[in-house]
Amino acid sequence: MENRQNNGNTNPAPSELGYLVVRISTALGSIPLENATVHIRGNTADSSGVLYSLLSDRDGLTKKVALPAPPRALSGSPGSVAPFSTWNIDVSKEGYVPVFFQNVPVYSQVVSVQPAVLVPRTERFEREEIYNESTQPTL
C-alpha cells in the first residue's frame with residue numbers, strides 16, 4: 001500500500017533524490033513484522049502531512065521510496081547547509097507499541113534503512129516510543 005500525498009521536505013536545495021526503506025521487526029530485531037503501517041512525513045509544521053503511507057512486507061521491509069535531498073556535492077565540503085534532508089517516520093501495528101522517529105537523515109543517491117523494533121503492547125509497555133535522530137552525523 002502506498003499513498004503519496006504532498007512534498008514534505010523541509011531542508012534547503014532539495015534538487016536530487018535519496019531513498020528510504022524502513023525495516024520493522026520485534027524480538028530485539030530478530031523477527032520481521034508483516035503489515036506494519038509506516039507514515040513518512042516532513043518535519044515542520046508547514047510540511048507535517050503524510051508524504052507516503054506504506055505497509056511492511058513479509059520480510060518486515062517497506063518498499064524503497066524516493067525523497068528530495070540536497071545535492072550530493074554538499075557532502076564533500078563543509079558549510080552551513082546540511083548535505084541531507086530529514087524526515088519523520090511513524091510506525092505502528094495492532095498489538096504493538098507504536099514508535100516515532102524524528103529527523104531521520106536521507107542523503108542524495110543513497111538508500112537509507114531505518115530500523116524500527118516494535119515491542120508487544122502489555123501493561124508494562126503501553127506508551128509510544130519517540131526517537132530523535134537529530135544528532136548530526138559525522139561526515
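In this predicted model, threonine 86 has proline 105 of β7 as its bridge partner. Strands of a sheet pair through backbone hydrogen bonds, either parallel or antiparallel.

Strands β6 and β7 belong to an open sheet of five strands. The order is β4-β3-β6-β7-β9, and the pairing is mixed. Strands β4 (50-55) and β9 (129-132) form the edges, each pairing on one side only. Neighbouring strands of the sheet are turned by 25° against each other on average, direction ignored.

One aromatic pair is found in the structure. Its members are phenylalanine 84 and tyrosine 107, with ring centres 5.3 Å apart. The planes meet at 55°, so the pair counts as tilted. The pair links distant parts of the chain: phenylalanine 84 lies in strand β6 and tyrosine 107 in strand β7, 23 residues apart. Phenylalanine 84 has a relative accessibility of 6% and therefore counts as buried. Tyrosine 107 is also buried, at 19%, because the cut-off for buried is under 20% relative accessible area. A second ring, that of tyrosine 19, is involved with a charge. The charged end of lysine 64 sits over this ring, 5.1 Å from its centre.

The largest nonpolar core has 22 residues. Those with the most contacts inside the core are Leu20, Ile24, Val38, Ile40, Leu67, Ile89 and Val91. Two or more residues each come from β1 (16-26), β3 (37-41), β4, β5 (65-69), β6 and β7. Strand β7 gives the most, with four residues. In soluble globular proteins, nonpolar side chains tend to be buried together.

Leucine 20 is placed in strand β1. This residue is buried, with a relative accessible area of 1%. Not counting residues up to four places away in sequence, leucine 20 touches Ile40, Lys63, Lys64, Val65, Leu67, Ile89, Val104, Val106, Ser112 and Gln114. Valine 106 is 86 residues from leucine 20 along the chain, yet their C-alpha atoms are separated by 7.0 Å. Isoleucine 24 is another of the core residues listed above. With neighbours within four places in sequence left aside, the contacts of isoleucine 24 are Pro32, Leu33, Ala36, Val38, Ser56, Gly60, Thr62, Val91, Ala116 and Leu118.

Glutamine 114 lies in strand β8 (residues 111-117). Its relative accessible area is 9%, so glutamine 114 is buried. Beyond its neighbours within four places in sequence, the contacts of glutamine 114 include Leu20, Val21, Val22 and Arg23. Ile89, Phe101, Val104 and Glu133 are also among them.

Histidine 39 is located in strand β3. At 21% relative accessible area, histidine 39 is partly exposed, because buried requires under 20% and exposed over 50%. Histidine 39 and leucine 54 are 15 residues apart along the chain, with 6.5 Å between their C-alpha atoms. Leaving aside neighbours within four places in sequence, histidine 39 is in contact with Val50, Tyr52 and Ser53, and also with Asn88, Ile89 and Asp90.

Technical notes:
Residues are numbered from 1 along each chain as its sequence is written. This is a predicted model: local features need pLDDT of at least 70, side-chain atom pairs count only at pLDDT 80 or more; totals for chains, interfaces and linings use all residues. Side-chain values use heavy atoms; hydrogens and water are left out. Two strands pair if DSSP finds at least two bridges between them. Axes are lines fitted to C-alpha atoms, for helices over the stretch in contact, and angles run from 0 to 180 degrees between N-to-C directions. A nonpolar core is a set of buried Ala, Val, Leu, Ile, Met, Phe, Trp, Tyr and Cys residues joined through side-chain atoms within 4.5 Å. Buried means under 20% relative accessible area, exposed over 50%, partly exposed in between (1.4 Å probe, protein chains only). Contact means heavy atoms within 4.5 Å. Rings of Phe, Tyr and Trp (its six-membered ring) pair if their centres lie within 6.5 Å; planes under 30 degrees apart count as stacked, over 60 as edge-to-face and the rest as tilted. A charge sits over a ring if NZ of Lys or CZ of Arg is within 6 Å of the ring centre and within 35 degrees of the ring normal.
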